[in-house]
2 protein chains.
Amino acid sequence: MIYLDNASTTHTKPKSVTTNVIKALTKYSVNAGRGGYPLSIQAGNIVLDTRQDLSDFFGLGNPNNVIFTSSCTMAINLAIRGTMQKGGHIVATVFEHNSVLRTLDDIKTKFGIDYTLVEPNKHGDIDVNEIENAIKPNTYMVITIHASNVTGHTQDIYKIGNFVAKHNLIYMVDAAQSAGHIGIDVQAAHINLLTIAGHKGLYAPQGIGVLLINNVKVLPLLTGGTGTHSASTTQPTDTPEGLESGTLALPAIMGLSAGLNYVNHNFGTINKKIAYLTRYLIDELNKVPNVKVYSKYNDVGVVSFIIDNIPSSEIADQLFETHRICVRSGLQCAPQIHKYHGTLQQGMVRISISSFNTKQEIIMAITAIKELAKKLG
Amino acid sequence: MIYLDNASTTHTKPKSVTTNVIKALTKYSVNAGRGGYPLSIQAGNIVLDTRQDLSDFFGLGNPNNVIFTSSCTMAINLAIRGTMQKGGHIVATVFEHNSVLRTLDDIKTKFGIDYTLVEPNKHGDIDVNEIENAIKPNTYMVITIHASNVTGHTQDIYKIGNFVAKHNLIYMVDAAQSAGHIGIDVQAAHINLLTIAGHKGLYAPQGIGVLLINNVKVLPLLTGGTGTHSASTTQPTDTPEGLESGTLALPAIMGLSAGLNYVNHNFGTINKKIAYLTRYLIDELNKVPNVKVYSKYNDVGVVSFIIDNIPSSEIADQLFETHRICVRSGLQCAPQIHKYHGTLQQGMVRISISSFNTKQEIIMAITAIKELAKKLG
């Protein structure tokens, strides 16, 4: 089997991730930091260290504002819903994932918060002028996905962040697809809210996301036990506890810790390899008749294409049947960018590469696609 | 080390739990059910099987209404917030955990939904007459914790459920502390919303909770990718997908599957042992001068006490320092029941037992408490 759906979940995890999860299960099956006995305190310290590592890696400078969530979706919901300004307006882009789009739709219906989706220029970039045109007097927030999970196209968050900061708006970046692949410095990019998936480019198990908060107040989405102010039936709003009600998912957090460590220590090697394989794949696919490639060179290992007008699901099925290659078809939960590209019906076939893929696997995929394009085209 | 804080998180997990989590990490690191390739479909089927097992175990009769959440806290938030009736009223009890109390407080502030907390009778039971007295014309829901996480006292959910059903109200039961210990039949008890923690009596890793939905519409709390209706930027509300946005936490779900299986196949043995050790501990502690025991015989392994007027945290610290015994002190995130018992300042020392504890460990704990009571009392 050749697994090329790593943008969904990285399949091969570093051994240290499994080791750390086993350690969590066999030694640290406790409520981290909530008990007074050493094991609970030690587990709490592991969580603190992981916050510190994430804060350092993303240039946040404040481990207490590293919030663990169950997924990037949850981090996105917390970021958007926790900073709502009733009657306000948000500018986002057509690249956004349904976790942003559906949340915007929901708060529009429930709280009258309107939104505008900005389209990219002909190079695929979100132009700050377009954001400026979309800003209204009641705009309070700008949201841009960092790297598209459909095409891999990456926005210049530093340029956009600088622009957003000048307008005194909140800047949220969805880094689900880019975290681990591209360096992100929250402070330098003037990002107020950064949302991260653990199980993609950071090689954590499924079940962990992170919200980084910088210089903005985020109100809790969930209420419950925090281990703090227990006598009060009003939810505390301090970070991190107030935003992390319930028992922390220590196995997933320890898995993330190991994954982050792997990425941190091998950042150059990992991402040079992914970028190289991505370029190679794009170059080769661009030569195949009947194949249309929607991705340009990118650092996140995402390459999407179609063959003629054949449904993407059919291509994906054939790739598995003929060569046991696992890819994703359809809309990848990001309908607006498909609408923009005219692929809402057909979808795209998405190949996505991790540091554990080999050039041989990419060559196999190219061969398989060539054969299919010849047969079906 | 003697770990007696299992009501917080069961420390020793069955080997099958670790095995299953490792399998999830090494084989099923995929987005379960979202890809068209066999590995994703297989992972999806594992999730479906786990839903079926939970549905069977709790007498729900509908695996599609088994909703996976990141914690029982999240399940409680989803249950309460997803069924809100603006301007309505909820009846709950002083036994509730902060995950219920703080959620009630929050929806009171935000949506004008009022609530009344019912106190128990002298036996510790919530009397249906007291619930009846608390019901107002705008009451739409009754919430009772099943087993108190502070005293272990267990309510008769069948009697209460029958009463609530006759009044055509929604009945929610927080089974965080009882699931795995006491048989619960959702249909027979007329429960509409049952919330479960994975990492306690079901021996799952931290990071998984469950909401069982029976004959009531629950609206999503989180919005995002569901793998269904992807072209729509409006959140679907079908179960289970509409209530489970984001990538499923497969390692935790597979851990829960193994834990549930362990409990299911050893239910009698496990809980006979826990009930016996609980009775033994209560009987022995009741003989110790200066010790006041707040727990009566119960099936969930919870025994709480104080020594004179000594702060519970001091007792807990001493138990670890002198005998390396891990217990929980303070309020256990349930302030109202402490207020009821007059222990809001002092807190209680809580011992909680799992199936992996031995009689020898309980004897050690009794010895340690006797010594402390003599020294400090």
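Select the interface between chain A and chain B: 100% of the interface residues of chain A are also interface residues in chain B, so the copies meet through the same surface. This is a predicted model, in which local features need pLDDT of at least 70, side-chain atom pairs count only at pLDDT 80 or more, and totals for chains, interfaces and linings use all residues. Residues are numbered from 1 along each chain as its sequence is written, while chains are lettered from A and ligands numbered from 1 in the order in which they are written.

Colour chain A by domain: domain 1 is 2-9 + 267-376 and domain 2 is 15-265, with bounds from an automatic or database domain assignment. Their centres, taken over C-alpha atoms, are 27 Å apart. Where they touch, 24 residues of domain 1 of chain A are in contact with 26 residues of domain 2 of chain A (C-beta atoms, placed from the backbone, within 7 Å). On the domain 1 side, α8 (267-286), β10 (302-307) and α10 (335-341) of chain A each supply at least two residues. Helices (H or I, at least four residues) and strands (E, at least two) are DSSP runs, numbered from the N terminus.

Definitions and conventions: Two residues are in contact if their C-beta atoms, placed from the backbone, lie within 7 Å.
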